[in-house]
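Biologist: Before we talk through this model, could you put the sequence and the structure on the screen, so that each of my questions can be followed there?

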Amino acid sequence: MTDLEHQVFTQVRAIISNEEQVIGRRGILIPLKKAIIADGDIRNVIDIVSSDPALAAHMLWRSNSAISGAGVTTKNRSLKDALVRLGQVNIYRYAFTFYLKERLDELPQPYKKLVQGYWSLTESIATDAVDSLHHMEGVDINPDEVQTLALFSVFGEIIALTAFAFLNAESEESFPLSIIKSLIDNQKQTLTIEAFESLGLDEELKDEFMVAHNLRQTRDANSPGLVLRRVLSMRNQLLKPL
């Protein structure tokens, strides 16, 4: 690593450690996390989600997209039905990705275009992973757990590029894109793991992410990570190739 790369690497990691800076709007996520941690009445969670109509609509869409193709003929028609079925962990994961995407849309060019490319890849991987699950027999895996996990498939790349955009916006000198490209290529695993640790995501998501990227093994036949691992392998996206 060159001195300049080390300088950028250190500064990018510092930005990644700042949850509010990376994820942006916290008005919903903070009370939502508190309500989930308190493990209280689901009605509190429903009230928080419904206070943002865009998030509520997104949650309903995500819920129905996960069960589509699974032989389920009745879709969730109300937010309450969707949230009760999702479970609180998946609710937070979906909300996090919703506000992350909102934050990404605010980035200046050329970072917005680049990170949107990663996001399109993420959505495509999520679709393939859920479709793959629906064609599997003899497993008991929640499709929303597969979909929420898949939405973090290239999480490290997205967060690193976002942090780099903030760094360049705040710096007197502009660092070339080749620097962050090199760091993503060579420090992807470190950046990804630090992003998970810094941004308040649940441990189960991190563990299954490690399984999905072949960084940890499991004997659990019902692991969502194993479903995603097949898709990531076919797309040459594994942090640790098979």
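Biologist: Leaving aside neighbours within four places in sequence, which residues are in contact with Met-59?

Modeller: This is a predicted model, in which local features need pLDDT of at least 70 and side-chain atom pairs count only at pLDDT 80 or more, whereas totals for chains, interfaces and linings use all residues. Residues are numbered from 1 along each chain as its sequence is written, and side-chain values use heavy atoms, with hydrogens and water left out. Taking contact as heavy atoms within 4.5 Å, and setting aside neighbours within four places, the partners of Met-59 are Val-49, Leu-79, Leu-83, Leu-86, Ile-91, Tyr-94 and Ala-95.

Biologist: How far apart are the end C-alpha atoms of helix α5?

Modeller: Helices (H or I, at least four residues) and strands (E, at least two) are DSSP runs numbered from the N terminus, and the expected span of a helix is 1.5 Å times one less than its number of residues. Helix α5 has 15 residues, 53-67, and should therefore span 21 Å, which agrees with the distance between its end C-alpha atoms, 22 Å.

Biologist: Is Asn-214, which has a positive phi, buried or exposed?

Modeller: Most residues other than glycine have a negative phi. Asn-214 has a phi of about 65 degrees and lies in the loop between α12 and α13. Because its relative accessible area is 8%, Asn-214 is buried.

Biologist: And is Asn-236 buried or exposed?

Modeller: Asn-236 also has a positive phi, about 55 degrees, and its place is in the segment after α13. With a relative accessible area of 69%, Asn-236 is exposed.

Biologist: Which residues does Ala-126 touch, not counting those up to four places away in sequence?

Modeller: Ala-126 is found in helix α8 and is buried, with a relative accessible area of 1%. Its C-alpha atom is separated by 8.2 Å from that of Ser-153, 27 residues apart along the chain. Beyond the excluded neighbours, Ala-126 touches Gln-147, Ala-150 and Leu-151.

Biologist: What is the radius of gyration of the protein chain?

Modeller: The protein chain has 13 helices and zero strands. Taken over C-alpha atoms, the radius is compared with a globule rule of 2.2 Å times the number of residues to the power 0.38. For 242 residues the rule gives 18 Å, so the chain is as compact as a globular protein of that length, its own radius of gyration being 18 Å.

Conventions: Buried < 20%, exposed > 50% of the residue type's maximum accessible area, 1.4 Å probe, protein only.
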